[in-house]
Amino acid sequence: MKSLYNLATKIAGKALPLVGRFNHKLKLFTEGRKSVFDKLEAEIDPASQYLWFHAASLGEFEQALPIIEEVKKEFPKYKVLITFFSPSGYENKKNHPLADVITYLPLDTPGNANRFLELVKPKIAFFIKYEIWPNFLTELDNRNIKSLLVSGAFRENQIYFKPYGGLMRKALSRFDHFFVQNEASVELLKSIGFNNITLSGDTRFDRVSRQIQYDNKLDFAEEFINNETCLVAGSTWPEDEEILLPFINKTSAEIKIIIAPHEIKEEKIKVLEQKIKKRTIRYSKKENHDLANFEVLILDTIGLLGKVYSYASIAYVGGAAGTSGLHNILEPATFGIPVIIGKNYKNFPEAIRLRQLAGLFSVENSSEFNEVLVKLVANKDYREKTGMIAGHFINSNTGATQTVINYLKRLPGFS
């Protein structure tokens, strides 16, 4: 089975550059990996010890970040290497100040794993959530380098729990410890013979809970909202916008609306603008305008959404109206506001739980969205009570980061 896996990885390595000619993301994926080893040779300091964090993309990076912040404080002698699998993660975070070196992860071949670890020689490797690469894990094990899975989440339909999943179960056996998000993941791992497990929770709760402590002031947001009720629709896709637009265009309520599309390509922003019938302005064109005169603000930039949520009365989080995947509901929830999402969220346990607690609403169409939003806008007490549930949900689920740090403190020879 492993020989087939290695063959498939090798074929993918040959084929991806060809496919990348017709796909921008795949082109970044392949072009970025061409210089990985040159970058490591140039930037890795052989006299230093590294903690290696590997994240698939932006979401997993957000889960890694609280631990990175803490290890920099608790164990300052170590440097930090971050690797990404996807271009969206690497391109957005390649200059993040907390890391000493940031690069792509080479494709998971025995040769790449050996060369990578020979250059980096990490003290410990942290893999985030789903990132399980058999050859890298094997080589780490062979070199007696500890590997940890952090914020792990398992479902019974995954390959590890299937009769044909022997290769991936073997890969799991290379981990020294699993820090998992929920009890279901604990039981699934135990069902295939693992007991080196800690139910730690999800480090994203630690990440978002800290956002309240930061300076979230945005002058443009204050000017635009002008003390009115505000709906912030974050990380929206066209399917989400089809749910939002009928309300936006027909409502007579005194409400300001900020839309932060997931993709901010010019042609897509233009299409969205053309569909909105209310007075609308883009963030990029806000200068020399009285923002209080507008009803809709399109946030055609990145990096501000977390702060903008602090101004929201209600949040809509995109991704679940279609099949692209629900975006981060914890970011708005930490500010104690009700959250609305689409219908496809069964693979997101935090959304399931928050809905059970009545701090989140799931809608299938524009009619349901309109019904929920009208009630939230009209009834301030109901809105605040629902938001309080969301905020308490965040506060009651923090602590995963400290659990990992406590484990590190107990490791022999690690300080």
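**Reading strands, cores and ring pairs**

Q: Which residues of strand β12 (residues 314-317) point one way, which point the other way, and are they buried or exposed?
A: Buried means under 20% relative accessible area, exposed over 50%, and partly exposed in between (1.4 Å probe, protein chains only). In β12, Ile314 and Tyr316 point one way while Ala315 and Val317 point the other, and all are buried. This is a predicted model, in which local features need pLDDT of at least 70 and side-chain atom pairs count only at pLDDT 80 or more, whereas totals for chains, interfaces and linings use all residues. Residues are numbered from 1 along each chain as its sequence is written, and side-chain values use heavy atoms, with hydrogens and water left out.

Q: Which strands are joined to β12 by bridges?
A: Strands (E, at least two residues) and helices (H or I, at least four) are DSSP runs numbered from the N terminus, and two strands pair if DSSP finds at least two bridges between them. Strand β8 (residues 229-236) runs parallel to β12 and is joined to it by 4 bridges, with Gly234 partnered by Val317. Strand β13 (residues 339-341) also pairs with β12 in the parallel sense, over 2 bridges; here Ala315 has Val339 as its bridge partner.

Q: In what order do the 7 strands of the open sheet stand?
A: The order is β3-β2-β1-β4-β5-β6-β7, with parallel pairing. Because β3 (101-104) and β7 (197-199) each have a single partner strand, they stand at the edges, and one side of each lacks a neighbour in the sheet. On average, neighbouring strands are turned by 20° against each other, direction ignored. Between β5 (residues 146-152) and β6 (residues 177-180) there are 3 bridges, and Leu148 stands opposite His177 in β6.

Q: Which strands does helix α3 (residues 36-43) touch?
A: Contact means heavy atoms within 4.5 Å; axes are lines fitted to C-alpha atoms, for helices over the stretch in contact, and angles between N-to-C directions run from 0 to 180 degrees. Helix α3 packs on the sheet, touching β1 (50-55), β2 (79-84) and β3, and its direction makes about 165° with that of β3. Helix α9 (residues 183-191) lies across β5, β6 and β7, at about 165° to β7.

Q: How many residues has the largest nonpolar core?
A: A nonpolar core is a set of buried Ala, Val, Leu, Ile, Met, Phe, Trp, Tyr and Cys residues joined through side-chain atoms within 4.5 Å. The largest has 68 residues, and Trp52, Phe53, Ile132, Phe154, Phe178 and Leu408 have the most contacts inside it. Helix α4 (residues 58-74) gives the most to this core, with 6 residues. Apart from it lies another core, of 40 residues, including Ile225, Cys230, Ile329 and Val339.

Q: How many aromatic pairs does the structure hold?
A: Rings of Phe, Tyr and Trp (its six-membered ring) pair if their centres lie within 6.5 Å; planes under 30 degrees apart count as stacked, over 60 as edge-to-face and the rest as tilted. The structure holds 23 such pairs. Phe85 and Trp133 are stacked, at 5.2 Å centre to centre and 25° between the planes. Phe85 is partly exposed at 27% relative accessible area, whereas Trp133, at 19%, counts as buried. Tyr316 and Phe369 form an edge-to-face pair, at 5.8 Å and 85°, which links strand β12 to helix α17 (residues 366-378) across 53 residues.
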